[in-house]
Amino acid sequence: MRPNRPIYLDNHATTPVDPRVLAAMRPWWEENFANPHSVEHAMGRAAEEAVEQARAEIAELIGAEAREVVLTSGATESNNLAIKGAARFAVQQGSERRRIVTLATEHKCVLESIRDLAAEGFEPAILPVGPDGLADLDRLRQAVDDRTLLVSVMAVNNEIGVVQDLAAIGALAREAGALFHTDAAQAAGRIPLDVEAIRADLLSLSGHKIYGPKGIGALYVRRRPRVRLAPLFSGGGQERGFRSGTLPAPLVVGLGEAARIAAIEGMLDAGRVSEQRDILLRGLEARVPGIRVNGSRAARVPGNLNLTFPGPVDAQGIMQAAPGVCVSTGSACSSAAVEPSYVLRALGIPEAEARATLRIGIGRFTSPADVDRAAAALAEGWRAASASGAGE
Ligand SMILES: Cc1ncc(COP(=O)(O)O)c(C=O)c1O
């Protein structure tokens, strides 16, 4: 092992591409580059077949049928298509329902999609979460009624890793006659997902969170009872009219292979990853008295740790003092903004503590040596940052 290799513990931001995924994609870049919609010739038909095979693998991962999988560019697009598409289609059909219920800790692309819809006359209901990051089911039940069009609640949070009770949320949405969408970008391959068990009507996936390629994702759209969406783009009507545009066959094949591996190995990964997570936490607790885990410990995805270091200290300072460890202060998608994480603020964590917090994501390719070295380096980084008064 190279001693200076950086230790990558930011698997919520993105995961490395599994070598098997890379191998599966390769021929579709190099040997058969045909457009999978060019079904008039043999190369096009072969590409189309590969796309359909991948679609079946993606469906299998979530207990869906292949024809319920709409391919997109990633979870951002899937979430926009699910939320805006469902809302706009319902109105076109004369529905009186306007309310869209979600949580304050959702990914920005969900919150911003819903905020955009407010300008079109929809009524966002953005519910708070408990100090453990979990939805309050009683509160949710009160908010979801016969005026509710859509309930959108993420499966696993990208910062604190907490797992929502999707089966209960899906059931209460269905009971009220509302659609249920879940952003499962961080959940796929990490916890079991079954669209029937959770009664999802719409479910978003992303390739680069499950050891697949970047720039590809999927949206599950239920067929029975049938869910209809207004498309976001005008075009050739690919993907059953839901999503126009030429499918990137190599990326689709990569997503299919990533889904196939996740379905077989995801739970094996989960056992190993949660052991490493516990070793890392114990290593830090022994070296950093007063370090705290944010979010529910029980309802939590295996590889996640969200840790507030005792202060005053700035998480940026810890990262600077431990440059060999790749972690983050929160969601990479909001890293351009300097405010502390809105997810942590929604848990009631004070601003100074939110600024002293690191998100750690252990993954399939993290080794036992990585977590041992990371615990020592982060503890040392904390000591150095504290001593330099970075938090004052
Ligand atoms: C929960 C969640 N939803 C959506 C996204 C956006 O996914 P993508 O990068 O595929 O657009 C992310 C990525 O950070 C995420 O963690």
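Two residues are in contact if their C-beta atoms, placed from the backbone, lie within 7 Å. The model described here is predicted.

**Domains**

The protein is divided into domain 1 (7–15 + 267–387) and domain 2 (19–261). Their centres, taken over C-alpha atoms, are separated by 28 Å. Domain 1 gives 24 residues to the contact, and domain 2 gives 25 residues. On the side of domain 1 that touches domain 2, strand 10 (304–308) and helix 9 (342–346) each supply at least two residues. That side has eight nonpolar, 13 polar and three charged residues.

**Helix packing**

| Pair | Angle between axes | Axis separation |
|---|---|---|
| Helix 7 (residues 249–287) and helix 11 (residues 368–387) | about 25° | 9 Å apart |
| Helix 1 (residues 19–30) and helix 7 | about 155° | 8 Å apart |
| Helix 3 (residues 75–92) and helix 4 (residues 108–118) | roughly 30° | within 9 Å |

Take helix 7 and helix 11. They pack at an angle of about 25°. That makes helix 7 roughly parallel to helix 11, because angles under 35 degrees count as roughly parallel. Helix 7 passes helix 11 in a right-handed crossing. From helix 7, the contact uses Gln276, Ile279, Leu280, Gly283, Leu284 and Arg287. Helix 11 meets them with Pro368, Val371, Asp372, Ala374, Ala375, Leu378 and Ala379. By class, the contact has nine nonpolar, two polar and two charged residues.

Helix 7 also packs with helix 1, at an angle of about 155°. Helix 1 and helix 7 are therefore roughly antiparallel, because angles over 145 degrees count as such. Helix 1 passes helix 7 in a right-handed crossing. The contact divides into ten nonpolar, one polar and two charged residues.

Helix 3 and helix 4 cross at roughly 30°. This pair is therefore roughly parallel. The crossing of helix 3 and helix 4 is right-handed. Helix 3 contributes Thr76, Asn79, Asn80, Ile83, Lys84 and Ala87. Helix 4 contributes Cys109, Val110, Ser113, Ile114 and Leu117. Six residues of this contact are nonpolar, four are polar and one is charged.

**Ligand shell**

There are 13 residues around the ligand. Those that come nearest are Gly74, Ala75, Thr76, Asn158 and Ser206. The shell divides into five nonpolar, seven polar and one charged residue. Thr76 also belongs to the contact of helix 3 with helix 4.

**Backbone geometry**

Most residues other than glycine have a negative phi, and most peptide bonds are trans. Some sites in this model depart from that. A cis peptide bond joins Arg224 and Pro225, with omega about -10°. Pro225 lies in the loop between strand 8 (217–221) and helix 7. Another cis peptide bond joins Gly311 and Pro312, with omega about 10°. Pro312 is in the loop between strand 10 and helix 8 (315–321). Strand 10 also supplies residues to the side of domain 1 that touches domain 2.

Arg199 has a positive phi, near 55°. Arg199 sits in the loop between strand 6 (179–183) and strand 7 (202–206).

Key. Residues are numbered from 1 along each chain as its sequence is written. This is a predicted model: local features need pLDDT of at least 70, side-chain atom pairs count only at pLDDT 80 or more; totals for chains, interfaces and linings use all residues. Axes are lines fitted to C-alpha atoms, for helices over the stretch in contact, and angles run from 0 to 180 degrees between N-to-C directions. Helices (H or I, at least four residues) and strands (E, at least two) are DSSP runs, numbered from the N terminus. Angles under 35 degrees count as roughly parallel, over 145 as roughly antiparallel, 65 to 115 as roughly perpendicular and the rest as oblique. A crossing is left-handed if the near helix is turned anticlockwise from the far one by less than a right angle, and right-handed if clockwise. Ala, Val, Leu, Ile, Met, Phe, Trp, Tyr, Cys and Pro count as nonpolar, Asp, Glu, Lys and Arg as charged, and the others, Gly among them, as polar. A residue is near a molecule or strand if its C-beta atom, placed from the backbone, lies within 6 Å of it. Domain bounds come from an automatic or database domain assignment.
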